[in-house]
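Subject: Structure handover

Hello,

Please find the structure below, followed by notes on what was found in it.

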Amino acid sequence: MCGIWALFGSDGCLSVQSSCAMKIAHRGPDAFRFENVNGFTNCCFGFHRLAIVDQLYGMQPLRIKKFPFLWLCYNGEIYNHHTLRKQFDFDYQTEMDGEILLHLYDRFGIQKMASLLDGVFAFILLDTANRKVFLGRDTYGVRPLFKFFTEDGFLAVCSEAKGLTGITHAAKSPANIVPFLPGHFEAFDLKQNGKVQSIQMEPFHCCTKEPAHAAYNAVKMLPASGEDEAVRSNIRALFENAVRKRLMAQRRIGCLLSGGLDSSLVAATLVKLAKEENLPYSIQTFAIGSEDSPDVLAARKVADHIGSEHHEVNFTAEEGIQAVEEVIYHLETYDITTIRASVGMYLISKYIKKNSDSVVIFSGEGSDELTQGYLYFHKAPTPKAAAEDSVRLLKELYLFDVLRADRTTAAHGLELRVPFLDHRFTAYYLSLPEEMRTPKNGVEKHLLRDSFKDLNLIPDEILWRRKEAFSDGMMSVKKSWYVCLQEHLESMVNDDQMAKAHKTFPHNPPRSKEAYYFRQVFEKHYPGQAKWLSHYWMPRWTKTSDPSARTLAFYTPDKDQ
């Protein structure tokens with residue numbers, strides 16, 4: 001996890017503009033560098049480093065003797081860099097995983113370079129010899145990237161939007177800050193004055209297709225059809241491979257553990273592989289919730305079963321309420337369910353930073369979208385509709401769950417790893433017959449659960465535990481976190497304000513006092529930027545005005561909750 005920032009063709013003084021880069025200092029607490037580009041006095045890079053790989057040569061922008069004309073600033077991890085280095089016999093000069101981008105670009109060009117990267121990444125690549133600038137972002141947007149582009153060709157780029165809000169420019173028309181689209185790269189021509197012109201914006205990978213780097217993967221290409229047991233075996237093999245490749249780190253690894261299916265599978269597989277790889281420390285797991293939280297109780301059972309070094313963080317509604325504004329500032333969104341779930345994740349990340357030496361944090365994000373885990377999938381009219389919505393959710397992850405997971409961990413200088421969003425794993429799962437992926441016998445994510453049954457990897461009661469949203473499971477069914485939050489905010493917004501909400505906030509007008517308050521806080525920090533969120537996250541195929549699963553008519557809690 002790092003913070004990247006760059007300007008091309010700045011109209012203002014670089015020393016003044018560079019102060020904006022300090023707004024993302026939390027992403028890289030280990031080191032900072034600000035560097036002008038030779039020959040282009042109004043172009044520069046800013047980099048905040050969280051040192052995970054190659055402690056000695058890991059600073060950026062990365063430049064090597066073989067390619068003195070290339071400048072690379074990237075945030076992410078390239079899990080197959082050793083494989084590609086060996087496959088194409090590249091002459092490496094550092095141990096950085098990101099160096100592979102320079103060699104691939106020189107050999108194959110930007111399109112193939114991006115398609116061969118197995119990992120999560122956001123990059124800014126400058127080629128001064130050919131006067132080109134390239135931006136790119138991984139398939140699901142696990143690593144964030146925002147751009148600011150004026151009509152006269154001034155380009156500013158940053159890991160988080162807050163690093164661009166204070167940028168000044170001389171263009172007559174205002175410039176919008178927009179999230180860079182996941183799975184795409186963009187190419188710009190670079191002029192001598194540092195200004196740029198966009199010449200190409202194309203996808204390099206789609207989640208429904210086998211990634212190009214699969215040809216060089218340790219797990220051979222797998223057919224989508226076949227017997228049920230072969231499918232389950234493939235799911236297990238690809239998932240284990242997804243966790244194994246993410247062990248790449250020179251800092252201690254830990255795991256968030258809510259006690260739900262997804263985080264439990266990740267934690268159990270992580271502990272198993274850590275022992276096989278002889279990691280010199282035990283895996284720490286972290287859970288958060290109130291004393292009677294179903295999540296805390298379930299996580300405790302899983303931790304006992306897998307033998308992790310377990311930490312429990314006590315959560316109170318009062319503490320959560322106090323954190324809301326700070327959370328919204330880091331998130332850069334006003335989406336209701338994202339904020340609710342982010343509070344707990346923000347507080348547990350704060351605990352990890354203060355009370356442990358774990359820096360690389362595994363988590364279960366992406367599984368619900370991929371495996372149809374949300375309860376509303378029980379109401380899908382057809383398997384085809386469910387499959388299509390699964391893909392929609394995956395493509396929108398960068399606006400919701402992936403955004404939450406990145407910002408809440410990065411706020412405390414932690415690096416997130418999400419094996420359920422592995423390219424090979426997701427492509428294979430989405431290639432399976434639509435009927436196979438739907439809820440079965442009243443149980444969501446049935447195929448995933450069935451693939452891990454009878455292995456004793458996690459307790460059976462956890463393997464078949466019903467879906468419970470993280471923001472709900474932190475507190476008991478008797479009184480959910482969102483109810484406590486709504487009760488507190490009831491007095492913060494008056495009825496007159498609600499009556500005028502559609503005029504005050506014409507884009508995505510809030511429909512509850514909770515949503516109105518969230519929007520107020522967002523506008524306080526990011527005035528006029530409401531379009532960063534295209535729409536609220538809401539369940540489909542059911543009548544509800546609230547995103548919480550506990551409000552759905554067909555929600556039934558586990559008997560011990």
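Helices (H or I, at least four residues) and strands (E, at least two) are DSSP runs, numbered from the N terminus. In these terms, Arg 417 belongs to strand E17 (residues 415–417). The model is predicted, so local features need pLDDT of at least 70 and side-chain atom pairs count only at pLDDT 80 or more, while totals for chains, interfaces and linings use all residues. Residues are numbered from 1 along each chain as its sequence is written, and side-chain values use heavy atoms, with hydrogens and water left out.

Is Arg 417 buried or exposed? Its relative accessibility is 0%, so Arg 417 counts as buried; buried means under 20% relative accessible area, exposed over 50% and partly exposed in between (1.4 Å probe, protein chains only). The side chains of Arg 417 and Glu 415 are joined by a polar contact of 2.7 Å. A polar contact is a pair of N or O atoms within 3.5 Å; within protein, one must be able to donate a hydrogen and the other to accept it, and residues adjacent in sequence count only if both atoms are side-chain atoms. With neighbours within four places in sequence left aside, the contacts of Arg 417 (heavy atoms within 4.5 Å) include Glu 77, Tyr 79, Arg 246, Met 248 and Phe 362.

The two sheets

Strands are said to pair if DSSP finds at least two bridges between them. Axes are lines fitted to C-alpha atoms, for helices over the stretch in contact, and angles run from 0 to 180 degrees between N-to-C directions.

Within this sheet, strand E1 (residues 3–8) and strand E9 (residues 155–158) are antiparallel and share four bridges. Ala 6 has Val 157 in E9 as its bridge partner, and Leu 7 stands opposite Ala 156. Strand E8 (residues 146–149) also pairs with E9 in the antiparallel sense over four bridges, with Lys 147 opposite Val 157. E8 and E9 make a hairpin with five residues between them, and Gly 153 in the turn has a positive phi of about 95 degrees. From E9, Leu 155 and Val 157 point one way and Ala 156 and Cys 158 the other, all of them buried.

A further open sheet, also antiparallel, has six strands in the order E4-E5-E6-E7-E11-E12. Its edge strands, E4 (62–64) and E12 (196–203), each pair on one side only. E6 and strand E7 (residues 132–137) pair in the antiparallel sense over six bridges, and the partner of Leu 126 in E7 is Val 133.

Helix packing

In helix H13 (residues 423–431), eight of the nine residues are buried. Among them are His 423, Arg 424, Phe 425 and Tyr 428. The buried residues of H13 pack against strand E6 (119–127) and helices H5 (228–245), H10 (367–371), H11 (383–395) and H14 (446–451). Asp 422 caps the N-terminal end of H13, with a side-chain oxygen 3.2 Å from the backbone nitrogen of Arg 424.

H5 also packs with helix H6 (residues 261–276), at an angle of about 65 degrees and with the axes 9 Å apart. Residues of H5 including Phe 239 and Val 243 meet residues of H6 including Leu 265, Leu 270 and Leu 273. The residues of this contact divide into six nonpolar, one polar and four charged. Ala, Val, Leu, Ile, Met, Phe, Trp, Tyr, Cys and Pro count as nonpolar, Asp, Glu, Lys and Arg as charged, and the others, Gly among them, as polar.

A loop residue

Met 59 lies in the loop between strand E3 (40–49) and E4. Residues up to four places away in sequence not counted, Met 59 touches Ala 31, Phe 32, Arg 33, Phe 47, Arg 49 and Met 96.

Regards
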